[in-house]
Amino acid sequence: KNAELTSDGATSVLVDKENNVWFTDLRGVDKITFHPFTNFTKKSGLLEDEVTAVLEYEPGNYIFGHNSGYTVYKNGKFIPFFFTGVEGTKTIVSRLLDLTVDDKGEIWGAAGYYGLVKIDPDGSHTRVVSTMFSVTSVLYDKKYGLLVSSDSGLFVYKNSKIEKMDPSLKEGNFRKIFRFENEIFLAGINGIFKLSNGKLVNLIPNESVFNANVFSLLRDDNG
């Protein structure tokens, strides 16, 4: 009873398929529920229910991307922040698609047509690069620096400037940058590309238009 059960004894015990434990006794039924998941929504403090990206920027602290901004989870608390327009108004054309942290601890985000943003853990952000194309993914790499993919190609951001990685490449609509160990790949509407010595090589150049339209990559245990 001290543990809020109906009595101090039990007549039978059952463990169901979901690992819930049921106790029956002379005063009723007690159920100890096994919860493998914890759910967080706007009611919990998120900016929006729809979450488009997540980054653990330091142990136990996270940033979640949304359609119109981001939520910082720091020291056990959710703090929501909106992206702002030119005149300080809220904007919805700014889905935060991807997040990365560099070797200095600076946080970078790919925010679609809102551009490349730098986010401070205190919640403020800087719109570093605003372009006419959509920024789709970001990845920091020690060799290349901050890689920025878009629907117009792969770029690198260095010394406050953004430059195209491989100007000779005609196909350039990329969705996501992936790193498997020390190798970097990109998935896009024209195939799977590998970044090698500053050049992008299409690994499936002969596939049909439908098969070459790639959304995500996963390397299994066999490589």
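This is a predicted model: local features need pLDDT of at least 70, side-chain atom pairs count only at pLDDT 80 or more; totals for chains, interfaces and linings use all residues.

Visitor: With which residue does Arg179 form a salt bridge?

Guide: Side chains of opposite charge can pair when their charged atoms come close. Here the partner of Arg179 is Asp141, and the closest N and O atoms are 3.3 Å apart.

Visitor: How many salt bridges does the structure hold?

Guide: There are seven salt bridges. One of them joins Asp166 to Lys199, with 3.6 Å between the closest N and O atoms. Asp166 lies in the loop between β15 (161-164) and β16, while Lys199 lies in strand β19 (residues 199-202); this pair links distant parts of the chain, 33 residues apart. Asp166 is buried at 5% relative accessible area, whereas Lys199 is partly exposed at 44%.

Visitor: Which residues are linked in a network of salt bridges?

Guide: The network consists of Glu183, Lys194 and Arg219. Within it, the side chains of Glu183 and Arg219 meet at 2.7 Å, N to O. Glu183 is in strand β17 (residues 183-188) and Arg219 in the segment after β19, 36 residues apart. Glu183 is partly exposed, with a relative accessible area of 28%, and Arg219 is partly exposed, with a relative accessible area of 28%.

Visitor: How many aromatic pairs are found in the whole structure?

Guide: The search finds 13 aromatic pairs. In one of them, the ring centres of Trp108 and Tyr157 are 5.6 Å apart; their planes stand at 55 degrees, so the pair is tilted. Trp108 lies in strand β9 (residues 107-110) and Tyr157 in strand β14 (residues 153-158), 49 residues apart. Trp108 is buried at 6% relative accessibility, and Tyr157 is buried at 14%. Elsewhere, ring pairs link Phe40, Tyr62, Phe64, Tyr73 and Phe78 into a cluster.

Visitor: Over which ring does the charged end of Arg127 sit?

Guide: The charged end of Arg127 sits over the ring of Tyr114, 4.3 Å from the ring centre. Likewise, the charged end of Arg175 sits over the ring of Phe215, 3.7 Å from its centre.

Key. Residues are numbered from 1 along each chain as its sequence is written. Side-chain values use heavy atoms; hydrogens and water are left out. Rings of Phe, Tyr and Trp (its six-membered ring) pair if their centres lie within 6.5 Å; planes under 30 degrees apart count as stacked, over 60 as edge-to-face and the rest as tilted. Helices (H or I, at least four residues) and strands (E, at least two) are DSSP runs, numbered from the N terminus. Buried means under 20% relative accessible area, exposed over 50%, partly exposed in between (1.4 Å probe, protein chains only). A charge sits over a ring if NZ of Lys or CZ of Arg is within 6 Å of the ring centre and within 35 degrees of the ring normal. A salt bridge is a side-chain nitrogen of Lys or Arg within 4 Å of a carboxyl oxygen of Asp or Glu.
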